[in-house]
Amino acid sequence: MLNSNSMVIVGAQWGDEGKGKVIDYLASEADIVARFQGGDNAGHTVVYGANIFKLHHVPSGILNPGTLCLLGNGMVINPLVLVRELTDLEKRGIDTSNLRISGKAHLIMAYHQALDEASEKMLGVNKIGTTGRGIGPAYADKALRRGIRAVEMVDFDRFKEQLAGILPLQNKILHALYGHEGYDLDELVETYRPAIERLGPLVADTALILDEGFKEGKNILFEGAQGALLDLDHGTYPFVTSSSTVAAAAATGTGVGPGQISKVLGVLKAYTTRVGSGPFPTEDSGEAGNQLRDHGHEYGTTTGRPRRCGWFDAVIARYAARINGLNGLAVTKLDVLSGMEVINMAVSYKCLDDETDNFPVSIDDLKLCSPVYETFPGWDEDISRARSLEDLPLAARRFIEAIEEAVRVKVDLVSVGPDRSQTIICPGSKLSAWLQG
Ligand code: IMP
């Protein structure tokens, strides 16, 4: 086997860490980019020159001609949304012929979205605050062994047969629980026909493609969606997404062995944001939070919802480093902190009478925790043109060092703006070898 270079990139907060920009930057040297979980709940914004791309299913590597993009078996895919995404990319001159879909990925169907919306409505104040894309119901059907897999798209009649088998049950559930009138089979089938016919030829054995890639010594990137704190097992349950978002899921979600992935890069914003419900210890509902939202344009890519904003939380970053086995950090949106008089970082939590460095297991305990802050001086300079750590004001450099010390993982990359060029590769970064191809 030739020496393959493989890396998994994951979010280390509550999603929206700027993974799209980091992946797009590193994908310039990738032969293959594979997504391994989630669906169109993800929203990656990638700025390329004057163009802004908002991607939901499609890996950010699609903007890189020649990079093969895979949608792995761990994903849930909405065929209608994926076709819209591909059409939009093609209209803007992006070649999408390099996309392949795992036959083992599951399809998000209209009834999944209806169930997601209806269940949120019924939960009222206890709602999760989902993206409404049908993610939870689609993964639930996968676990209940009544999902429709992407491989059924290869033959339209087979897809129809599968849908005919499952729709009566889905309609019954929708009607009995939520008073929904349900779907007519023939109408639904025709709604899906163009998408199924368009996507069928893209279905492939993506695990086999990856295996061949490893054997040929290719550079392979595994692209995570959402973030560690939204992980179904390790996140702030039940205010989480329905997939495993941590690095280990790159293996199960694409069909490769865990030993084949050597680098694990965690992406963190220089502050913290969260969308949807659930506890958020460093949330700032005052002026600082508003400033972060305004400066950082913190509105959801998928839903447009304003994001909740607050200070960098080293407790969650350390936790994310542990459960992912992070061996490098990418710190994004450092430029957003310019103009802040002081910058806070939570270094531990005070929970009743105890102080702890560790993230609690239960969100009821987390609700009792308040952040213990260390305060750093801010800076006024516009840092968006910095291309090396030396170009940064001393206070900004000090803050990056403080992140490194608090998380105990090396910062490999710092992003100071949305464009590819606004990226600093830190001295001694493990990414230098990757970028040299
Ligand atoms: P779902 O994934 O749509 O079921 O939503 C469950 C939770 O995950 C909600 O709090 C969502 O706001 C959050 N979530 C899902 N996808 C993303 C994402 O890409 N970024 C940030 N939050 C997300």
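This is a predicted model: local features need pLDDT of at least 70, side-chain atom pairs count only at pLDDT 80 or more; totals for chains, interfaces and linings use all residues.

Biologist: Which residue does R420 pair with in a salt bridge?

Modeller: R420 pairs with D24, side chain to side chain, at 2.7 Å from N to O. The two sit 396 residues apart, so to speak from distant parts of the chain: R420 is in the loop between β19 (411-415) and β20 (423-425), and D24 is in helix α1 (residues 19-26).

Biologist: Are R420 and D24 buried or exposed?

Modeller: R420 is buried, at 17% relative accessible area. D24 is buried as well, at 2%. The cut-off for buried is under 20%.

Biologist: OK, and what about D88, what does it bridge to?

Modeller: D88 forms a salt bridge with R92, with 3.7 Å between the closest N and O atoms. D88 is partly exposed, with a relative accessible area of 37%, and R92 also counts as partly exposed, at 35%.

Biologist: And which partner does R398 have?

Modeller: That's E401, with the closest N and O atoms 3.6 Å apart. Both belong to helix α12 (residues 394-407), and because they are 3 residues apart there, about one helical turn separates them. R398 is partly exposed at 34%, and E401 is partly exposed at 37%.

Biologist: Switching topic: why is helix α10 described as largely enclosed by the rest of the structure?

Modeller: Because 10 of the 11 residues of α10 (residues 314-324) are buried. Among them are A314, V315, R318, Y319 and N324.

Biologist: What do the buried residues of α10 pack against?

Modeller: Quite a list: β1 (5-11), β11 (263-269), β12 (272-274), β14 (312-313), β16 (342-351) and α12. That last one is the helix that holds R398 and E401.

Biologist: And what happens at the start of α10, and just after it?

Modeller: At the start, a side-chain oxygen of D313 comes to within 2.9 Å of the backbone nitrogen of V315. Just after the helix, G325 has a positive phi of about 65 degrees.

Biologist: Speaking of backbone angles, which residues other than glycine have a positive phi?

Modeller: R145, with phi about 60 degrees, is one of them. R408 is another, with phi near 65 degrees.

Biologist: Where are R145 and R408, and are they buried or exposed?

Modeller: R145 is in the loop between α4 (135-143) and α5 (156-178), and counts as exposed at 74% relative accessibility. R408 is in the loop between α12 and β19, and is exposed too, with a relative accessible area of 61%.

Biologist: Which residues does the cis peptide bond join?

Modeller: Y237 and P238, with omega about 5 degrees. P238 is in the loop between β10 (219-223) and α8 (249-252).

Biologist: Last one: where is H106, and what is it in contact with?

Modeller: H106 is in strand β8 (residues 106-107), and is buried at 8% relative accessible area. Leaving aside neighbours within four places in sequence, H106 is in contact with M75, V76, I77, K142, G147, I148 and R149.

Note on methods: Residues are numbered from 1 along each chain as its sequence is written. Side-chain values use heavy atoms; hydrogens and water are left out. Helices (H or I, at least four residues) and strands (E, at least two) are DSSP runs, numbered from the N terminus. Buried means under 20% relative accessible area, exposed over 50%, partly exposed in between (1.4 Å probe, protein chains only). Contact means heavy atoms within 4.5 Å. A salt bridge is a side-chain nitrogen of Lys or Arg within 4 Å of a carboxyl oxygen of Asp or Glu. A polar contact is a pair of N or O atoms within 3.5 Å; within protein, one must be able to donate a hydrogen and the other to accept it, and residues adjacent in sequence count only if both atoms are side-chain atoms.
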